[in-house]
Amino acid sequence: MTGPYVGGALDLGALKQQKETEEAPSGVSAFFEVTEANFESELIRRSAEVPVIALIGSSRSPASEQLKNDLRAVAEAGGLKFIVGYIDADAIPQVAQVFGVRNLPTTVALAAGQPITNFEGAQPKDALEQWTATLVEKLGPQLSGLSTETPEPETAADPRVQAAEESLNHGDFDAAIAHYDAILADDPDNAEVKQARNTTQVLRRLDPANRTEDPIAAADAAPADVAKQCDAADAEVVAGAPEKAFERLISAMQRTAGDDKQALKVRLLELFALFDASDSRVLQARTKLASALY
């Protein structure tokens, strides 16, 4: 989406519609507040059923509040073909951090648990309507659709997974990785834990406490610096642009040799592991990787 934000009057009709709109039989709301408790179930897992839009904002930001109102109205008129989750960056900063947010508001579209596209700042309501319609048209047919059945109770989670999640909530990435390593020592083929560990490694590398500069800008200014290219690729994946990250690393591999080339390859394979092996972006990048290696 492009173009500056153009302020508009609050849609009073949306308030009436909100009152009249009943929840779907499945108990799914078109717009909901994200918490630590429902982040996984309502934001991430629901994105396997319909496109989910995560809006990260703050009540301190007028643009966030306007975008929140507009997206709520658009979602409630959308017939549950997509849903919107609002993340209060002040109340749950650890959740906002998962998306690598730099500016508020930031809006991220998710499908099948993966960020697909994003934008920063506010947008006119008509632009939001067009954007969400495109998401539904392009992504909806690839997803399963909202379930009308009450999900079965989940089996008790491994307490070590819960401990890892607690560590993540407190920003202790090293402790979270240690918990995941303990699980993998007992269950080395646990794909979900492997992916969680890989994601945590990326988040640790991007922790603001470990950064003094914008990793993407720094890498663009120093194309021969392998470490900076790896950092920038991490940032691009978290920002929802994995294809840019893959292309960056493969291009760097074509310019390097020896240990530098191996380091780039290792990072690329780590980032591949964050996605499903059948993801078209991964498949395309693997083809390019083969050419870069030989």
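Biologist: Helices (H or I, at least four residues) and strands (E, at least two) are DSSP runs counted from the N terminus. With that settled, what is the phi of glycine 171?

Modeller: The model is predicted, so to speak on its own terms: local features need pLDDT of at least 70, side-chain atom pairs count only at pLDDT 80 or more, and totals for chains, interfaces and linings use all residues. Residues are numbered from 1 along each chain as its sequence is written, and side-chain values use heavy atoms, leaving out hydrogens and water. Glycine 171 comes after helix 6, and its phi is positive, near 75 degrees.

Biologist: Thanks! In what order do the 5 strands of the open sheet run?

Modeller: Two strands pair if DSSP finds at least two bridges between them. Strand 1 (31-33) and strand 5 (114-120) are the edges, each pairing on one side only. The pairing is mixed, and the order is 1-3-2-4-5.

Biologist: Which residue of strand 3 is the bridge partner of glutamate 33?

Modeller: Strand 1 and strand 3 (residues 83-88) run parallel and share 3 bridges. In strand 3, the partner of glutamate 33 is tyrosine 86.

Biologist: What angle does the direction of helix 3 make with that of strand 2?

Modeller: Helix 3 (residues 62-76) packs on the sheet and touches strands 1, 2, 3, 4 and 5, where a contact means heavy atoms within 4.5 Å. Axes are lines fitted to C-alpha atoms, for helices over the stretch in contact, with angles from 0 to 180 degrees between N-to-C directions. Against strand 2 (52-57), the angle is about 160 degrees.

Biologist: Is valine 238 buried or exposed?

Modeller: Valine 238 lies in helix 10 and touches Val98, Phe99, Gly100, Val202 and Leu206, not counting residues up to four places away in sequence. Buried means under 20% relative accessible area, exposed over 50%, partly exposed in between (1.4 Å probe, protein chains only). Because its relative accessibility is 15%, valine 238 counts as buried.
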